[in-house]
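Visitor: I would like to learn how to read a model such as this one, feature by feature. Could you take me through it, giving the general idea and then the case at hand?

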2 protein chains.
Amino acid sequence: MPIAADAEIEITAFEWVPDFAKGYVRDIRPRWACEELGLSYRERLISAVSRPDWYYRDQPWGQVPHLADGGVSVFESGATLVHLGERGGQGSALLPASGQARASVLSWTFAAFNSVEPFLFEWVNVSLFAAKEEWAKLRRPSLLTELGKRLDRLQAALEDREWLAGAFSIADIAMVTTLRSIDDSDLIEARPALAAYYARGLARPGFQAALADQIAAFGEPPSRQQTGA
Amino acid sequence: MPIAADAEIEITAFEWVPDFAKGYVRDIRPRWACEELGLSYRERLISAVSRPDWYYRDQPWGQVPHLADGGVSVFESGATLVHLGERGGQGSALLPASGQARASVLSWTFAAFNSVEPFLFEWVNVSLFAAKEEWAKLRRPSLLTELGKRLDRLQAALEDREWLAGAFSIADIAMVTTLRSIDDSDLIEARPALAAYYARGLARPGFQAALADQIAAFGEPPSRQQTGA
């Protein structure tokens, strides 16, 4: 169990989220990296319902995760992964120090954050948050086509490899957690190499522990009085 | 002029794009970084109209830029910025080696790629590529609200600083080029600190040189015979 009250690394997460979001909040990314690296961390839990004003100084959008490591402050889940990958730990290296190995991990990490996840942000909006809006119903078919083409390319890249960039790396933490936005659709299952990769990622003990720890941190829903709603 | 036929760094760009895209293709990012660092590079130009099959081995989505540096291959413009920032050069450091300075640059770099640019991908689609689609017309007002809120937060972060993360860095190359997707709207001008930041970025000689070099590389439009259209 890497959660320890006196750990040098602190990960900020939410104290409660609605059921559909449980296990899917993006602090799962640095939690998973800590598990793989054998690094202890402590949790700082904030309200997702009424974000404290001071938190915007740590995280300009008011989102999670934020990571503190000694005196160093890091925001954006991608930056927390690079920070932890460079910090190292007892586990295997998640971000090689130099050469093609490093370049491949960085390339695929940015691919997850800038070339795959943006499609999934829109997909989650169209199929969940805005699902009842007329524009979302009309947008859905073309978005599904565009997303499918992108996943076809990802599937092609995965046909001859176990992980995106050689050994398991922060790029896989980024990509597997990105794909979880469509784990209730047949978009992954329809692509065998992608489905096998996704299953390999989810089966890692580090992911399972991170998932359990995120869910364990959630408390009771806020009362109306507490949130002022 | 950093373009040199015998340079160790090679940046892949397009040999021609339609007028609206000239100066906006994402190879401007590593070109700008090379200018700031005083690093020479050579160009490899490919067709945007019919991407060569072999190119997907270098860049899984068939997009530009791709960067080669000696024997090392890098794709995704974000990864090219980190690679160049770590490589260093004659110019000032664009990515500090350690501590809070490094963490801040990495945080803001991922912020540009994962927390700002995804809104702008959707905005460009809604206001340009799909502008005549019914869904795009219906989506536009809510997207404008969401994008405006994100830009308000960015403006708030910029009120007390010249650049995003202390000295000028790869985070500013990422953010300024991201904002160019809305340079024809009043979304930037309506926010004074953001507008001043954006103007500071565009005024840098490194950006101006990168812009001129991208545009200079474009040749004649492909004939129907060449593209098979």
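Visitor: Which residue stands opposite B:Asp69 in β4(B)?

Guide: Strands of a sheet pair through backbone hydrogen bonds, and they do so either parallel or antiparallel. In this predicted model, the residue opposite B:Asp69 is B:Val72 in β4(B). The two strands concerned, β3 (residues 66-69) of chain B and β4(B), are paired in the antiparallel sense over four bridges.

Visitor: In what order do the four strands of the open sheet of chain B lie?

Guide: The order in chain B is β2-β1-β3-β4, an open sheet with mixed pairing. At its edges are β2 (41-46) and β4 of chain B, each of which pairs on one side only. Neighbouring strands of this sheet are turned by 25° against each other on average, if direction is ignored.

Visitor: And how should I read the sheet of chain A, and why is one side of β2 (41-46) and of β4 (72-75) left without a neighbour there?

Guide: The open sheet of chain A has four strands in the order β2-β1-β3-β4, with mixed pairing. Its strands β2 (41-46) and β4 (72-75) stand at the edges and have a single partner strand each, so one side of each has no neighbour in the sheet.

Visitor: Which sense of pairing joins β1 (residues 9-14) of chain A to β2(A), parallel or antiparallel?

Guide: Those two strands of chain A run parallel and are joined by six bridges. Within this pair, A:Thr12 is placed opposite A:Arg44 in β2(A).

Visitor: Turning to the backbone itself, where is a cis peptide bond found in chain A?

Guide: Most residues other than glycine have a negative phi, and most peptide bonds are trans. In chain A, a cis peptide bond joins A:Val64 and A:Pro65, with omega about 5°, and A:Pro65 belongs to the loop between α2 (55-58) and β3 (66-69) of chain A. In chain B, a cis bond joins B:Val64 and B:Pro65, again with omega about 5°, and B:Pro65 is in the loop between α2 (55-58) and β3 of chain B.

Visitor: What is the phi of A:Glu76, and is this residue buried or exposed?

Guide: The phi of A:Glu76 is positive, about 75°, although the residue is not a glycine. A:Glu76 lies in the loop between β4 and α3 of chain A, and A:Glu76 is buried, having 29 other C-beta atoms within 10 Å. For B:Glu76, phi is likewise positive and near 75°; B:Glu76 is in the loop between β4 and α3 of chain B and counts as buried, with 29 C-beta neighbours inside 10 Å.

Visitor: How is chain A divided into domains?

Guide: Domain 1 of chain A covers 9-93 + 207-224, whereas domain 2 covers 99-204. Their C-alpha centres lie 21 Å apart, and 11 residues of domain 1 of chain A are in contact with 11 residues of domain 2 of chain A. On the domain 1 side of this contact, α1 (28-37) and α3 (77-87) of chain A are the elements that give two or more residues. By class, that side has seven nonpolar, three polar and one charged residues.

Visitor: How many residues does each chain give to the contact between chain A and chain B?

Guide: The size of an interface is often given as the accessible area lost when the parts come together. Here the description is by residues, with 32 residues from chain B and 32 residues from chain A. On the side of chain B that touches chain A, β4 (72-75), α3 (77-87), α4 (99-129) and α5 (134-158) of chain B each supply at least two residues, and the largest share, 14 residues, comes from α4(B). That side of chain B divides into 17 nonpolar, nine polar and six charged residues.

Notes
Residues are numbered from 1 along each chain as its sequence is written. Chains are lettered from A and ligands numbered from 1 in the order in which they are written. This is a predicted model: local features need pLDDT of at least 70, side-chain atom pairs count only at pLDDT 80 or more; totals for chains, interfaces and linings use all residues. Two residues are in contact if their C-beta atoms, placed from the backbone, lie within 7 Å. Ala, Val, Leu, Ile, Met, Phe, Trp, Tyr, Cys and Pro count as nonpolar, Asp, Glu, Lys and Arg as charged, and the others, Gly among them, as polar. Two strands pair if DSSP finds at least two bridges between them. Domain bounds come from an automatic or database domain assignment. Axes are lines fitted to C-alpha atoms, for helices over the stretch in contact, and angles run from 0 to 180 degrees between N-to-C directions. A residue is buried if 20 or more other C-beta atoms lie within 10 Å of its own, exposed if 12 or fewer, and partly exposed in between; C-beta atoms are placed from the backbone.
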